[in-house]
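Thanks for making the time, everyone.

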Amino acid sequence: MTAALVNFHFLFRPIEQADAWIEGFFAGAPFLFALLIALVLGLRHASDPDHLVAVTSLVAADGGDVRGAARLGAWWGAGHAAALLVIGVPLILFKSSMPGWLESGAETAVGLVILALALRIVFKWARGDFRAGRHGHGTGGLPEHRHLRKGEGPHRHRRVRTPGQALGIGLLHGLAGTGAVALLLIAALPSKLEAAAALAVFAPMSALSMTLCSTAFAWLLTRRLIDPLYRHVLIPAFGLFGLMFGGWYVGLG
């Protein structure tokens, strides 16, 4: 299997090192400065490799539409933030930790979702769903736009990803990472109230970062110079990379 051939942990090392450096400022930091650190960590959170693979899959599956990507990114971030707050606050208040089986199960579920997203992208690309460029529908139709359609024939407008799906993916991502975030804040801050406040800053900032990340990614891919490369090369590349990364993430091989 691909997981036996490629170890993607090297993608996480720079992020882990940067986070460790930033988290070092927590020790003995004044409360307001601790909140600022939580804000920075939240804004950086979308750059985690598993998040980036998920967002590339979300955006690619939706045809690179910028507004659609922003909408999906917002729902993805909302789900992530909701899981952080709903689970993280009780963990902080009771100075507890998430059961290992639940956290590992959530991590496995994230990997399976990445695999499913990547497989769908590859299948749709092979079927021809990504061939449509910018087009209109004649007089009285919609303004020039771009989206997915099968081949070059007649088509109808549809959402490939729904807000509910993006919300669910965000909930899984949040569930998988909440335990580590809560334990970090419990260890770093002197009181439960301060740790909970830091989480209340971190969670919405992570949602904002996910919205900005998905929007920026879609905007980049829809530039006229990049669009042909995106549709013919990058989409299948994202799909194949997602299959490899997802297989490694769930421990296949």
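Let me begin with the rings: Phe8, Phe10, Phe12, Phe241, Phe245, Trp248 and Tyr249 together make up one aromatic cluster, where rings of Phe, Tyr and Trp (its six-membered ring) pair if their centres lie within 6.5 Å, and the planes count as stacked under 30 degrees apart, edge-to-face over 60 and tilted for the rest. Before I go on, please keep in mind that this is a predicted model, in which local features need pLDDT of at least 70 and side-chain atom pairs count only at pLDDT 80 or more, while totals for chains, interfaces and linings use all residues. Residues are numbered from 1 along each chain as its sequence is written, and side-chain values use heavy atoms, with hydrogens and water left out.

In the structure there are 13 aromatic pairs. One of them joins phenylalanine 217 and phenylalanine 238, whose ring centres are 5.5 Å apart with planes at 55°, so the pair is tilted. It links distant parts of the chain, since phenylalanine 217 sits in helix 8 (residues 192-221) and phenylalanine 238 in helix 9 (residues 227-249), 21 residues apart; helices here are DSSP runs of H or I, at least four residues, numbered from the N terminus. Phenylalanine 217 has a relative accessible area of 16% and is therefore buried, and phenylalanine 238, at 18%, is buried too, given that buried means under 20%, exposed over 50% and partly exposed in between, with a 1.4 Å probe and protein chains only.

Which residues touch the most other members of the largest nonpolar core? Of its 36 residues, they are Phe26, Ile92, Leu185, Leu189, Leu199, Phe202 and Phe245, a core being a set of buried Ala, Val, Leu, Ile, Met, Phe, Trp, Tyr and Cys residues joined through side-chain atoms within 4.5 Å. Helix 2, helix 3, helix 5 (66-93), helix 6 (100-127), helix 7 (163-188), helix 8 and helix 9 are the elements that give two or more residues to this core. A second, separate core has 21 residues, among them Ala46, Leu221, Ile235 and Phe238.

Finally, the surface: phenylalanine 25 lies in the loop between helix 2 (9-23) and helix 3, and its relative accessibility of 38% makes it partly exposed.
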